[in-house]
Amino acid sequence: MADIRELIQKVSLAKNKLELQNLKTQFLGKNSQINQEFKKLGSLNEDERKVKATSLNNEKQKISEAINIRLKELEKLEINEKLQKDKVDVTLPARERPNGKIHPVSQVIDEISSIFSEIGFSVEEGPDVESEYNNFTALNTPEDHPARDMHDTFYLDKNKKILLRTHTSPVQIRTMLSGNPPFKIIVPGRTYRCDSDQTHSPMFHQLEGLHIDKNITMGHLKGCLDYFIKEFFEVKKIRMRFRPSHFPFTEPSAEVDIGYKLENGRIIVGEGDKWLEVLGCGMVHPNVLKNAKINTKIFQGFAFGMGIDRLAMLKYGINDLRSFFETDYRWLNYFGFDPLDVPTNYRGLSR
Ligand code: DAH
């Protein structure tokens, strides 16, 4: 008979449940040595049988106990191993953060849309490729008008009938021709002029505004722009002045300047004694309304236009317009916005 301590040691070293099961069969099963010994008991006399039987039972019990102990140990190891593998890091974000950033121009368009939607404006769009008629003639800018030269137009055909729109104002005409007043719209979009330096890009962005209804006055225009500028720059007070100006499509026309000061080379909007031009505006010229089939005896209104890129530069301290269009990922990473943080008037526009 093998040494019982040797058997017990083998059991205690079993690496897994299968190995343990095999040892159990080997040590206690039908063909085990101990079973053979039991079978031989019948050939012994009574006294010898009693002694041998007791010792065999003892051994059997000791081996069984060792097997049970090892089984419990192996089960515990198995559970721990499983827990280790299944470990969940509850501090990980539920969804992976998106990698990209929102371009400052897109962010500012979202901010502006959110601000104007609060006071009932809806967003309209128009095509980049426009007719010469919508871009100029319908807007009270006939062929020989000097304002045409100032626009450095990209014409797309020999006859100069098709062009890349030089401003978002033609969408005024498109909107008014496609429905009945009242109209209360803003139009963000791309515009094109043959010009390029630190503050001009051949493609840039404008925002047009148009409000046509009964009894609309310049007072409404002032109130609307005062609200917009304060909301946009997220300030409570703003200094603003309306300077008489000229646009063919408005009468009277004005340019709007806002007060600012310089602090460590940064522009602080709202305070200070310096003036910065931010937009053009006025009461829509009756000729424009007539071209758009609006009854000028009943309806009138105001319009305004501003450069979105310039507003973005001012608000976010970006000093070269060209950097907007260089598609430099490092720049976008620095100046861009979190795609999940959509600007709203309630939660804050740029926070
Ligand atoms: N379209 C003008 C420009 O590009 C801007 C502008 C001025 C638009 C006055 C308007 C307005 O609607 O009323 O310079």
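Tutor: Phenylalanine 228 and phenylalanine 232 both lie in helix H9 (residues 218-233), where they are four residues apart, about one turn of the helix. The model is a predicted one, and twelve aromatic pairs are found in the structure.

Student: Why is the pair of phenylalanine 228 and phenylalanine 232 called stacked?

Tutor: The ring centres of phenylalanine 228 and phenylalanine 232 are 5.7 Å apart and their planes meet at 25°. The centres of a pair must lie within 6.5 Å, and planes under 30 degrees apart count as stacked, so this pair is stacked.

Student: How do you know whether phenylalanine 228 and phenylalanine 232 are buried or exposed?

Tutor: Buried means under 20% relative accessible area; phenylalanine 228 has 0% and therefore counts as buried, and phenylalanine 232, at 0%, counts as buried too.

Student: What kind of pair do the rings of tyrosine 316 and phenylalanine 337 make, and why?

Tutor: Their centres are 4.9 Å apart and their planes stand at 65°; since planes over 60 degrees apart count as edge-to-face, the pair of tyrosine 316 and phenylalanine 337 is edge-to-face.

Student: What makes this pair one that ties parts together?

Tutor: Tyrosine 316 belongs to helix H11 (residues 308-316), whereas phenylalanine 337 lies in the segment after helix H12 (329-335), so the pair ties together parts that are 21 residues apart in sequence. With a relative accessible area of 16%, tyrosine 316 is buried, and phenylalanine 337, with 13%, is buried as well.

Student: Which residues form one aromatic cluster, and what lies over the face of phenylalanine 232?

Tutor: The cluster is formed by Phe116, Phe121, Phe228, Phe232, Phe233, Phe302 and Phe304. Over the face of phenylalanine 232 lies lysine 315, at 4.6 Å from the ring centre, while lysine 222 lies over the face of phenylalanine 242, at 5.3 Å from the ring centre.

Student: How do you know that the span of helix H2 agrees with what it should be?

Tutor: Helix H2 (residues 17-28) has twelve residues, which at 1.5 Å a residue should span 16 Å, and its end C-alpha atoms are 16 Å apart, so the two values agree.

Student: Which residues of H2 are buried, and how do you know that they line one face of the helix?

Tutor: The buried residues of H2 are Leu20, Leu23, Phe27 and Leu28. Viewed down the axis of H2, these buried residues fall within an arc of 95°, so they line one face of the helix. They pack against helix H1 (4-12), helix H3 (33-40) and helix H4 (46-85).

Student: What makes asparagine 16 a cap of H2?

Tutor: A side-chain oxygen of asparagine 16 lies 3.3 Å from the backbone nitrogen of leucine 18, at the N-terminal end of H2, and a polar contact requires such atoms to be within 3.5 Å.

Student: Is arginine 70 buried or exposed, and why?

Tutor: Arginine 70, found in helix H4, has a relative accessible area of 13% and is therefore buried. Leaving aside neighbours within four places in sequence, arginine 70 is in contact with Val11, Ser12, Leu13, Ala14 and Leu20.

Student: Is proline 244 buried or exposed, and why?

Tutor: Proline 244, in strand E6 (residues 240-247), has 73% relative accessibility, and because exposed means over 50%, proline 244 counts as exposed. Leaving aside neighbours within four places in sequence, proline 244 is in contact with Ser253 and Ala254.

Notes. Residues numbered from 1 in each chain as written. Predicted model: local features only at pLDDT ≥ 70, side-chain atom pairs only at ≥ 80, totals over all residues. Heavy atoms only, no water. Helix = DSSP H or I, 4+ residues; strand = E, 2+ residues; numbered from the N terminus. Expected span 1.5 Å × (residues − 1). Buried < 20%, exposed > 50% of the residue type's maximum accessible area, 1.4 Å probe, protein only. Arc of directions from axis to C-beta. Contact = heavy atoms within 4.5 Å. Polar contact = N/O pair within 3.5 Å; in protein donor to acceptor, adjacent residues only side chain to side chain. Phe/Tyr/Trp six-rings, centres within 6.5 Å; stacked < 30°, edge-to-face > 60°. Lys NZ or Arg CZ within 6 Å of the ring centre and 35° of its normal.
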